[in-house]
Amino acid sequence: MAEEKAKVDMETLVSLCRRRGFIFQSSEIYGGLSSCWDYGPLGVELKRNVKEAWWRTFIRERDDVVGLDTSILMHPRTWEASGHLVNFTDPLVECKSCNQRFRADQAWAMALNDAAGKAQHYVSAFDRDELARKAEDYAKKLPKGQPAPGSGTPFDLQHAAGELGKIPCPACDVAGKLTEPRQFNLMFKTFMGPVEEDAAVVYLRPETCQGIFVNFENVLNTTRKRLPFGIAQIGKSFRNEITTGNFIFRVREFEQMELEYFVKPGTDEKWFDYWVEQCLNWYTSLGVKREHLRLHEHGKEELSHYSSRTVDIHFLWPMGWDELMGIANRGDFDLTQQSKFSGKELSYFDEETKEHIVPFVIEPSAGLDRAVLAFLCDAYDEDTAEGEKRVVLRFHPTLAPYKAAVLPLSRKENLAAFAKDIHSELRKHLAVIYDDTQSIGRRYRRQDEIGTPFSVTVDFQSLEDKMVTIRDRDSMNQIRVPVAELQKTLAAKLAGEGFLVLPPGGVVWKVEKET
């Protein structure tokens, strides 16, 4: 059975993002650089809005979490203490025929067995759907009268148990050319200073959280926080991934939104469940459908070396279900390790017990780029308007790059000047765009496709009655409002409040939550 997938395919989404200025291939004029992407004029606004929404929910609206912004380059002992120099590896397999390299745990193989259950052929692929198709294709090519082979259980190449010599490459289908898996460290190494020597080696951070742990004492001393409390930051991280792809889903340079929540040992499970719920609520509050999210509890064999429990929130991507973010119970591993390697005591004095304790840490860790991609996927919709297909990004107003568009019906000087005055006034309060190119219908479609919640149409009657038309992106309904009330009306609509049109006096204000 085919795996469940999102309603929009990745090719369509990538095309829209490039065409409308959300995301471009990095260094495109040179042919691009694999897995590196640039955020365009609309993409950078969307990304900033996601960051701001996260910061507002998890830091600004709470009195138990503070923020931090730490350096990308850190003392190399940090990564020795955290275990990254030894444990931050992935199993690498290389094909000696096509020279492709990929993660052994992300490539699949399956034996096709004869009647006696002995493998007579192997197929391999990068996903199970393709694996099944290759097995079907093999069966179709068999001579007439030869029974179709039975299919074994799919397994990843990390568990090929010495069978790699018989398995074809999932990229080029040449058999006998795959190397045995070897561990590959994912950290980017560079040198600090003018001399490239071992003493000058530093690493681009693979995660932001270690900057929080090494600053635990600084934050504790300057904020006087009491347990439980959190420290959060948003910042760039770098991982030299073996296998990248699926647009901005898996890249080598990315931004993280991480929160380390310090709690008393023994209360960690309660707080773990609390933060799983908080993270789910954040995504759904910003428009992600709950049925597109599910929880994956890590088994013992999946847990990282520092974690006693991890739950991933999975999202229904165009390529199927996969990780959106994770919540981990890191215990006291990080503070204990950084204390051991630095010689500095990183503990908390408990006023109740009069003892120094090492807090446990609950970590909600989200990738900003994956969050952006998830919001794009769930916002994408297609419907029909005036007999034509309409593409709409139904962003939550908080995330929409522009909150409103000002659209003059004509470029004639007197109307354009009036519309530009309205735009200039609105931009003091909202992110708005001015658009006077092509017909009003095409402009509506353009704003729908980039997710602008409201369009403000300025027509020739506006010059006489000083009223404009507001069009709603989702319903396409329109109302007429006085220019003097426009900013207030848009602010209320963006906040989820309603207005009521009564003849003949235009708009009468009514605070009314929409259903």
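Predicted model: local features only at pLDDT ≥ 70, side-chain atom pairs only at ≥ 80, totals over all residues.

Reader: Which residue of strand 17 stands opposite Ile-313, and how do strand 16 and strand 17 run?

Author: Strand 16 (residues 309–317) and strand 17 (residues 320–331) form a hairpin with 2 residues between them. The two run antiparallel and are joined by 9 bridges, and within this pairing the residue of strand 17 that faces Ile-313 is Met-325.

Reader: Which residue in strand 20 stands opposite Met-325?

Author: Strand 17 also pairs with strand 20 (residues 360–367), again in the antiparallel sense, over 6 bridges. Strand 17 is mostly covered, with 10 of its 12 residues buried. In strand 20, the residue opposite Met-325 is Ala-366.

Reader: Turning to Asp-156, how far away is the nearest side chain of opposite charge?

Author: Asp-156 is placed in strand 9 (residues 155–156), and it is buried. A salt bridge would require a side-chain nitrogen of Lys or Arg within 4 Å of a carboxyl oxygen, and Asp-156 has none. The nearest side chain of opposite charge belongs to Arg-128, at a distance of 7.5 Å.

Reader: Which side chain, then, joins that of Asp-156 in a polar contact?

Author: Leaving aside neighbours within four places in sequence, Asp-156 is in contact with Ala-104, Asp-105, Ala-107 and Trp-108. A polar atom of the Asp-156 side chain lies 2.9 Å from the backbone nitrogen of Gln-158. The side-chain to side-chain polar contact, also given as 2.9 Å, is with His-159.

Notes. Residues numbered from 1 in each chain as written. Heavy atoms only, no water. Buried < 20%, exposed > 50% of the residue type's maximum accessible area, 1.4 Å probe, protein only. Helix = DSSP H or I, 4+ residues; strand = E, 2+ residues; numbered from the N terminus. Pairing = 2+ DSSP bridges. Lys, Arg positive; Asp, Glu negative; His and termini not counted. Polar contact = N/O pair within 3.5 Å; in protein donor to acceptor, adjacent residues only side chain to side chain. Contact = heavy atoms within 4.5 Å.
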